[in-house]
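Have the viewer open and follow along.

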Amino acid sequence: MTQTLYSENDLKKVVAELAAAIAADSCGRKLLLLGLLKGCQPFLADLCRELSRHQLVLEVEYLQVSSYVGTASSGQVTISQVLPDSLWPGCDVIVVDDIFDTGLTLKSVVAHLCEKGAEKVRTCVLLRKEGCSRVEMEPDYCGAVIPDAFIVGYGLDYNEQYRELPYIKILAEDEQN
Ligand code: 5GP
Ligand code: MG
């Protein structure tokens with residue numbers, strides 16, 4: 001049975017709150033939002049639209065990152081770096097991802113950016129799974145905490161399906177094959 005966790009309206013509210021928190025901490029500085037593909041896409045687009053209501057200068061870039069196979073983290077984070085190293089020094093970066101589960105993805109990306117010369121890196125996730133973290137870091141901005149379940153929709157996939165849903169639901173066992 002389908003269990004909707006966040007409706008379109010719920011998501012809109014959560015994203016607006018995150019944008020307000022980021023804007024309040026950023027004091028009109030120039031920000032580089034760095035989205036982690038592919039799951040960040042609807043969230044990052046909506047976050048940008050909400051941030052446009054605040055006095056900020058924004059740039060958007062993406063990194064391709066993967067760690068999940070089916071419904072479980074492989075524990076191995078692969079980053080496909082396609083951005084020039086010259087981007088990072090002096091840049092106020094916010095890494096944007098859909099969900100913080102084990103935390104290994106965000107931890108690897110932050111370490112990678114610091115190695116490349118980024119000076120100020122913050123992290124923003126729409127959701128965090130309760131009790132699943134395997135790292136010491138916490139996301140700087142987190143929209144909501146959810147129970148440990150496999151979710152899809154609003155960019156989150158199951159074997160590349162369901163990303164198009166405008167809401168987030170728990171994937172039922174009979175939908176997993
Ligand atoms: P972490 O590295 O924190 O374990 O996982 C982060 C990545 O795993 C997320 O960017 C996301 O792509 C994927 N992921 C984690 N939990 C879920 C989930 O419940 N559903 C889906 N579709 N992807 C997830
Ligand atoms: Mg991801």
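## Around arginine 163

Let's start with arginine 163, which sits in the loop between strand S8 (151-152) and strand S9 (168-170). Strands here are DSSP runs of E with at least two residues, helices are runs of H or I with at least four, and both are numbered from the N terminus. Before going further, a word on what you're looking at: this is a predicted model, where local features need pLDDT of at least 70, side-chain atom pairs count only at pLDDT 80 or more, and totals for chains, interfaces and linings use all residues. Residues are numbered from 1 along each chain as its sequence is written, chains are lettered from A and ligands numbered from 1 in the order in which they are written, and side-chain values use heavy atoms, with hydrogens and water left out.

Is arginine 163 buried or exposed? With a relative accessibility of 18%, arginine 163 counts as buried; the cut-offs are under 20% relative accessible area for buried, over 50% for exposed, and partly exposed in between, using a 1.4 Å probe and protein chains only. Its side chain makes a polar contact with the side chain of aspartate 157, at 3.5 Å. A polar contact is a pair of N or O atoms within 3.5 Å; within protein, one must be able to donate a hydrogen and the other to accept it, and residues adjacent in sequence count only if both atoms are side-chain atoms. Leaving aside neighbours within four places in sequence, arginine 163 is in contact with Lys38, Gly39, Gly153, Tyr154, Gly155, Leu156 and Asp157, where contact means heavy atoms within 4.5 Å.

Two of those names are worth a second look. Tyrosine 154 is in the loop between S8 and S9; it has a positive phi of about 50 degrees although it's not a glycine, and at 7% relative accessible area tyrosine 154 is buried. Asparagine 159 lies in the loop between S8 and S9 too, with a positive phi of about 45 degrees, but asparagine 159 is partly exposed at 43%.

## The ligand

Ligand 1 is surrounded by 16 residues, and the closest are Thr102, Gly103, Thr105, Ile151 and Asp157. A residue counts as near if one of its heavy atoms lies within 4 Å.

| Residue | Its atom | Ligand 1 atom | Distance |
|---|---|---|---|
| Threonine 102 | side-chain N or O | oxygen | 2.4 Å |
| Glycine 103 | backbone N or O | oxygen | 2.7 Å |
| Isoleucine 151 | polar backbone atom | nitrogen | 2.7 Å |

Taken alone, ligand 1 exposes 500 Å², and the protein buries 92% of that. (These areas come from the Shrake-Rupley method with a 1.4 Å probe; for residues, only the protein chains shown count as cover.) The elements giving two or more residues to the shell are strand S5 (92-100) and helix H3 (104-115), and S5 gives the most, with four residues. By class, the shell has eight nonpolar, three polar and five charged residues. For that tally, Ala, Val, Leu, Ile, Met, Phe, Trp, Tyr, Cys and Pro are nonpolar, Asp, Glu, Lys and Arg are charged, and the others, Gly among them, are polar.

## Strands and their partners

S5 pairs with S2 in the parallel sense over five bridges; strands pair if DSSP finds at least two bridges between them. Leucine 32 stands opposite valine 93 in S5. Why is strand S2 (residues 30-37) largely enclosed by the rest of the structure? Because seven of its eight residues are buried.

Elsewhere, three strands form an open, antiparallel sheet in the order S1-S9-S8. Strand S1 (3-6) and S8 stand at the edges with a single partner strand each, so one side of each has no neighbour in the sheet. S8 and S9 are joined by two bridges, and isoleucine 151 stands opposite isoleucine 170 in S9.
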